[in-house]
Amino acid sequence: MAQTMTAQSTLQDYAVEQMNNLLTRLAFQVHRAARKPGADEIHDLRVSVRRFSQALEFFGAFFPKPEVKKIRRMLKRMMQLTSSIRDRDITLEFLKETGHVGHRPRLEKERSAYQRQFSEMLRRWSSRNFSAKWRNGLSLRSV
Amino acid sequence: MKWKPAQSAAENARAVLPRMARKFFEAGRKAIAGDHPPDELHRFRLRTKRFRYTLELFQPLYGPGMEGYLKSLRQLQGALGKVSDYRAIRRVLSDDRELKKQIDAAVKGKLKDVRRSWRAFDSAGELKRWRAYLGGVPSQRATKRASTKRTKPRQATKKPPGMAGPKALAQAAG
């Protein structure tokens, strides 16, 4: 399916197209992080979540309020959980660069615990087919 | 956000983005001057990200000319990110006094980088240049999207083909 978007498109059509693209990218990053929850994958996922959240906030007026609210709540939870993982990834990288080894076992253990919660969250998201649901809830296929 | 649904996406962008740029510069001047309270700097870092992502939402309308603006924003965001990283490390390693001292020294250095980045970002005439660019007429040319294949989403920063450059924007503006 090909779409043509011009500077003269209505703002709503434009918003729908941008949201479609961002949700596609987010879904891709969710699946990527589910397969391999490494530092880069988690970072890229967080960037995708932020981009999608920002667009949702910015173009929120064009979409159903309850759906927007529900999605933003889910995204917030995802950001909180991945933040704990990200902090440990940054710290582990710092320790590696500076040659400190003392804290590594504790941090790796903590990361694993958060990663288990994260994987469980992703499993729930995928089993509910979140991207199709969100696309439907936000009527993103209408244009 | 106060939109004018009767107007096109380009007209809305032209109305909203210059104002957003002005507010962003004002927030930066406030956050980076003085003692850099961590919370304020953190809020400004998040604001920088939001501003960048918002501009990227409209990048297809402005074309590749926006890349230079986004690049300077990314540099600033990078400097702010380093401070944030060290603060995260400090939090995680809060029980290690020795490392905390080392991290605090690193944060000081990174704050200098933030100030340097901000000075470059907010040099003379920059806000005016930003506002003039964002308030210009975005491309009238159609942007052909390739496919919306779900498994391979496009890179958000990838330049779409066939976009108008600054000269075309100026011509379109008359």
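Helices α1(B) and α4(B) run roughly antiparallel to each other. This holds in a predicted model. Helix α1 of chain B spans residues 9–32, and helix α4 of chain B spans residues 97–121. The two pack at an angle of about 150°, with their axes 11 Å apart. Angles over 145 degrees count as roughly antiparallel, and the pair is therefore placed in that class. The crossing of α1(B) past α4(B) is left-handed. On the α1(B) side, the contact involves Phe24(B), Phe25(B), Gly28(B), Arg29(B) and Ile32(B). Their partners in α4(B) are Val114(B), Arg115(B), Trp118(B) and Phe121(B). By class, six of these residues are nonpolar, one is polar and two are charged.

The largest nonpolar core holds 85 residues. Leu26(A), Phe52(A), Phe59(A), Phe63(A), Trp134(A) and Phe58(B) have the most contacts inside this core. Helix α3 of chain A, residues 65–98, gives the most to the core, with 12 residues. Phe59(A) touches residues of both chains. Beyond its neighbours within four places in sequence, Phe59(A) is in contact with Leu11(A), Tyr14(A), Ala15(A) and Gln18(A), and also with Trp3(B), Leu57(B) and Phe58(B).

Most residues other than glycine have a negative phi. Asn129(A) has a positive phi of about 50°. This residue lies in the loop between α4 (104–127) and α5 (130–137) of chain A. Asn129(A) is partly exposed, at 45% relative accessibility. Ser139(A) also has a positive phi, near 55°. Ser139(A) sits in the segment after α5 of chain A. With a relative accessible area of 38%, Ser139(A) is partly exposed.

Conventions: Residues are numbered from 1 along each chain as its sequence is written. Chains are lettered from A and ligands numbered from 1 in the order in which they are written. This is a predicted model: local features need pLDDT of at least 70, side-chain atom pairs count only at pLDDT 80 or more; totals for chains, interfaces and linings use all residues. Side-chain values use heavy atoms; hydrogens and water are left out. A nonpolar core is a set of buried Ala, Val, Leu, Ile, Met, Phe, Trp, Tyr and Cys residues joined through side-chain atoms within 4.5 Å. Buried means under 20% relative accessible area, exposed over 50%, partly exposed in between (1.4 Å probe, protein chains only). Helices (H or I, at least four residues) and strands (E, at least two) are DSSP runs, numbered from the N terminus. Contact means heavy atoms within 4.5 Å. Axes are lines fitted to C-alpha atoms, for helices over the stretch in contact, and angles run from 0 to 180 degrees between N-to-C directions. Angles under 35 degrees count as roughly parallel, over 145 as roughly antiparallel, 65 to 115 as roughly perpendicular and the rest as oblique. A crossing is left-handed if the near helix is turned anticlockwise from the far one by less than a right angle, and right-handed if clockwise. Ala, Val, Leu, Ile, Met, Phe, Trp, Tyr, Cys and Pro count as nonpolar, Asp, Glu, Lys and Arg as charged, and the others, Gly among them, as polar.
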